[in-house]
Amino acid sequence: MSEAITIKGLRVAYESDIEILRGIDMLGGANTLTAIIGPNGAGKSTLLKGVAGVAPVTGGEIHLGGQRIEALNPAQRVGAGVSFVPQEASVFGQMTVLENLRLGGWHRRKDKAWLERRIAFCGDLFHSIKPHLERRAGDLSGGQQKLVEIARGLVGEPRLLLLDEPTAGLSPVMVREVYREIARLKESRSVTVLLVEQNVREALAVADHVYVLAMGQNDTDGPAAEIAGRLDGIVRNWMSREGSGMAS
Ligand SMILES: Nc1ncnc2c1ncn2[C@@H]1O[C@H](COP(=O)(O)OP(=O)(O)OP(=O)(O)O)[C@@H](O)[C@H]1O
C-alpha cells in the first residue's frame, strides 16, 4: 500500500557550512506522481537523495504515511518503503533482465509466490521489457535498461518510488519510450512517485502535481496543467536568475 509523503522545512548540506536545500516543503499525495523541476543546481536531485537518506539531512521532517523517516539510515528507509532509482546507470549488464528484477525483491526472496507475483506485475506494466526477460540486460537499449532499473525499484513493493532524471542522456526516441511506460505506471495508481526531470514537457505531461525549485527553496507549485499553462513565465524567471540547461 502506498502512502502520501510530506516534507516540511527540509534542509540538506553535503558540507556543514554550505546548505544546498534551505527549507523545502512538499506534499506528494498517495498513489500520485509529483514532478520536481527547476534550473540546473536548484537542488532537485539533492531533494530525492535527502529523502532516500543518501544525502545528509540537517533539518526538517519527512513523513511517509504516519512514519517519520528523516532520521533513518538508507537501509532503514528501504525497510520503510522507500525505493530510489538514481540517475546513474545501475543495471547489472551481465545478468538477465529477470535476474535484475529478482534482485529488487531480495529482502523477501524466500517468499517465492510473492516475488513471482511482483515480477509479473512489473512485466505487465513495462511492455517494452516484458519480451526481453531472458536477455542480458546490457544488450537492451538505453531506454529499456532504465526501465529495467525502474521495474527493479518497484519489485520490492515500495510505498514511495523516487525517480531521479530517468531520461538523462537518452535520445528523444528513447525519452518518449520511457515516458510511455512511466505514464502507465502512473495510471496503475499503485505507488506514490516523486520524479525529478530535466525534460520538463514530458514530466508535466505525466505528472499530477508539479513543484518548481530554485536555489534550494520552493519557487512555485500547482497542478500539472496549471504549471504547463504558465511554463514560459516560469522558465523566463529561471533564465533571469542564473541561466538554465533545461531541455524542452
Ligand atoms: N555530493 C555533493 N557534494 C557537494 N555538493 C554537491 C554534491 N552533489 C550536489 N552538490 C551541489 O548541490 C547543488 C544542487 O545539486 P543538484 O544535483 O541537487 O541540483 P539539480 O537541481 O538536480 O541540478 P541538475 O538538474 O543540474 O542535476 C549544486 O550546486 C551541486 O554542485
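This is a predicted model: local features need pLDDT of at least 70, side-chain atom pairs count only at pLDDT 80 or more; totals for chains, interfaces and linings use all residues.
Biologist: How many of the nine residues of helix 1 are buried?
Modeller: Helix 1 spans residues 44-52 and is mostly covered. Its buried residues are Lys44, Thr46, Leu47, Leu48, Lys49, Gly50, Val51 and Ala52, and the count of buried residues in this helix is therefore, with at least 20 other C-beta atoms within 10 Å as the criterion, eight of nine.

Biologist: Which residue in strand 4 is the bridge partner of isoleucine 7?
Modeller: Strand 1, residues 5-15, and strand 4, residues 57-64, run antiparallel and are joined by six bridges. Within this pairing, the partner of isoleucine 7 is isoleucine 62.

Biologist: Which residue in the turn between strand 4 and strand 5 has a positive phi?
Modeller: Strand 4 pairs with strand 5, residues 67-68, in the antiparallel sense over two bridges, and histidine 63 has arginine 68 as its bridge partner there. The two strands form a hairpin with two residues between them, and the turn residue with a positive phi, about 60 degrees, is glycine 65.

Biologist: Which element gives the largest share of the shell around the ligand?
Modeller: The residues around the ligand include Tyr14, Ile20, Lys44, Ser45, Thr46 and Gln198, and the shell divides into three nonpolar, seven polar and one charged. The largest share, three residues, comes from helix 1.

How values were computed. Residues are numbered from 1 along each chain as its sequence is written. A residue is buried if 20 or more other C-beta atoms lie within 10 Å of its own, exposed if 12 or fewer, and partly exposed in between; C-beta atoms are placed from the backbone. Helices (H or I, at least four residues) and strands (E, at least two) are DSSP runs, numbered from the N terminus. Two strands pair if DSSP finds at least two bridges between them. A residue is near a molecule or strand if its C-beta atom, placed from the backbone, lies within 6 Å of it. Ala, Val, Leu, Ile, Met, Phe, Trp, Tyr, Cys and Pro count as nonpolar, Asp, Glu, Lys and Arg as charged, and the others, Gly among them, as polar.
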